[in-house]
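Here's a quick briefing to read with the model open in your viewer. Have a look at the fold first, then work through the points.

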Amino acid sequence: MGEPRHIIIHGHFYQPPRESPWTGLISPEHGASPFQNWNERILSECYTANAHAHTMQGSVVHVRNNYESLSFDVGPTLAGWLQTHGKTAYRAMTRGDALYAASHGGHGNAIAQSYSHSILPLLPPRDRELQIGWGIDDFVFRFGRKPAGMWLPECAADDDTLASVAAAGVQFVILASDQGNFRGPGAETRGAGPFQWRSGDLSLAVFRFDRELSNTVSFGDGLADGARLAEWIAVTALNLEPGAALMIATDGETFGHHSKHGASELARALKALEQRDDVIVTNCDDYLATHAAAGSFEIPAATSWSCPHGVERWRSNCGCRNDASTSQEWRAPFRAAMDFVKYHAEATYDRFAPALVKDPGAFLRGGIRLLIDPNPAVHEETFKRFAVTVEYNREMLLRMIEMVRAGQAALTSCAWFFDDFGGLEGRVALRWAARAVELAAEHSASVENELLERLRGINSNRRENGDAATLYLSLKTREARGRV
């Protein structure tokens, strides 16, 4: 029979930082009814559902943790919320990774994600490296090991992005099959590779997912019947060379939120595949350990999995939209306004942090642990490592890191993905921008008036929202006073 084919199913689990940066609470989101907000609804329908997915075999109920078989990433902003509000799902994710790693030479199912889900090719080198470094640190905190791979938000990549990922010590990324030039053995098939990207002394393995199968799962009827899905996957994989891998990638929320019975049908598909002798369910790290990249990969320009115009969806009126009657002329000035906030937060840090810590750049890169890990011993060790002994200086540095993180959060990609900045996702960006401006004002004159001037000219497609300045002030006034 020869070597079995390998199956990799990857779920990208992510939610933006919906909580108020002032209170830590999420405002009621009426579309999520009967739940208070979308995080809680998706927690029930997807994250927890996959922690104990139910399938039936006759009169016997089988319960499984899908995270033990699924390749996955969980965004830091979602993981932080799950740690407090979704403990069952959070433990299932970390345990699923640990169990697979323990039985497969340390090659766990989880991979990292850059921190704020901003579009990496649109960031300057410093911010791109910060996002990657923070994502790695968050992963190490949650999974107790260094990540072998990294999920790029919206699969957005270019040569500079891949170089930054490789320089950070990451071994592989995942891209769509139409995001660059794949050459060499397996390039003309539907196989996942991996393929090798190189630039000077830097190299990175690139796994590609099958667009057709992934779209069937994401947008078609792939999850209507898990047994049928398993058969589709197996038949496709068996057309590849012995030992080759086939990969599916989709938003993790597909498994139970976008598709009502997605968690149970995924469990059914995984069980059916695992019972076969001719295929093996695995993950990228495990596969890469025994199958080195044979082909090569080149990426001519910035590209993503969700915009046919490269990465324009997150900075211009490229034509990508859900409602043809709406205008996306707001995207470019909204991007410029949020960039203005981010740059101001960074400039404030660069000006005032050197008086508080000897190496402010290294402290910023490593200081994210102070915001995600409440352990006093970790805080003490971190401050001692950077020779910050004065309590006042410690408190100020914590608020400065919070300020920079808020500025980064204002560039969360979801704010530009949809048709209007007045939706839930655009409000996320405005909230965090307001918080960054507020924290920066503790050190120098506030730039809020200049920000408001930039926002005033950005009009919503929804008359009730008015312009971006009006929405910004409404959100800040209500939430900074503790109202949700």
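This is a predicted model: local features need pLDDT of at least 70, side-chain atom pairs count only at pLDDT 80 or more; totals for chains, interfaces and linings use all residues.

Residues are numbered from 1 along each chain as its sequence is written, and side-chain values use heavy atoms, with hydrogens and water left out.

**Helix packing**

- Start with helix α4 (residues 125–143) and helix α5 (residues 159–167), whose axes come within 10 Å and cross at roughly 45 degrees. That makes α4 oblique to α5.
- On terms: helices (H or I, at least four residues) and strands (E, at least two) are DSSP runs numbered from the N terminus. Axes are lines fitted to C-alpha atoms, for helices over the stretch in contact, with angles from 0 to 180 degrees between N-to-C directions.
- For the angle classes, under 35 degrees is roughly parallel, over 145 roughly antiparallel, 65 to 115 roughly perpendicular, and the rest oblique.
- The crossing of α4 past α5 is right-handed; the term means that the near helix is turned clockwise from the far one by less than a right angle, while anticlockwise is left-handed.
- On the α4 side, R128, E129 and I132 meet D160, T161, S164 and V165 of α5, where contact means heavy atoms within 4.5 Å. Sorted by class, the residues of this α4 and α5 contact are two nonpolar, two polar and three charged.
- The classes work like this: Ala, Val, Leu, Ile, Met, Phe, Trp, Tyr, Cys and Pro count as nonpolar, Asp, Glu, Lys and Arg as charged, and the others, Gly among them, as polar.
- Next come helix α10 (residues 331–352) and helix α14 (residues 391–409), which pack at about 160 degrees with their axes 8 Å apart. The two helices α10 and α14 are therefore roughly antiparallel to each other, and their crossing is left-handed.
- Here α10 brings K342, A345, E346, T348, Y349 and F352, and α14 answers with M400, M403, V404, G407 and Q408. That contact of α10 with α14 has six nonpolar, three polar and two charged residues.

**Pockets**

- Rolling a probe the size of a water molecule over the atoms shows where empty space is left.
- In detail, on a 1 Å grid over the protein atoms alone, a cavity is a set of points where a 1.4 Å probe fits but cannot get out, a pocket is an open set with protein on both sides within 12 Å along at least five of seven lines, and lining residues have an atom within 4 Å of a point. Grid points are joined across faces, edges and corners, and a volume is the space filled by probe spheres set on the points.
- The largest pocket comes to about 970 Å³. It has 35 lining residues, with E154, D251, H258, F417 and F418 the closest to its centre.
- At least two lining residues of the largest pocket come from each of α1 (38–51), α6 (211–219), β11 (245–251), α15 (414–417) and α16 (424–440), and α6 has the largest share with five. The lining of the largest pocket is twelve nonpolar, 14 polar and nine charged.
- The second largest pocket has about 600 Å³ and 24 lining residues, of which E19, G80, W81, L371 and R405 lie nearest its centre.
- For the second largest pocket, α2 (76–85), α12 (368–372) and α14 each supply at least two residues, and α2 gives the most, with seven.

**Cavities**

- Lining the largest cavity are V74, P76, I111, A112, Q113, G135, D138, F139, R142 and F143. The largest share of that lining, five residues, is from α4.
- The second largest cavity holds about 30 Å³ of space. Its lining is I9, V217, L223, L229, F255, L266 and A269, which divide into seven nonpolar, no polar and no charged.

**Around E425**

- E425 sits in helix α16 and touches C414, A415 and F418, leaving out residues up to four places away in sequence.
- E425 and D225 are 200 residues apart in sequence and 32 Å apart in space, C-alpha to C-alpha.
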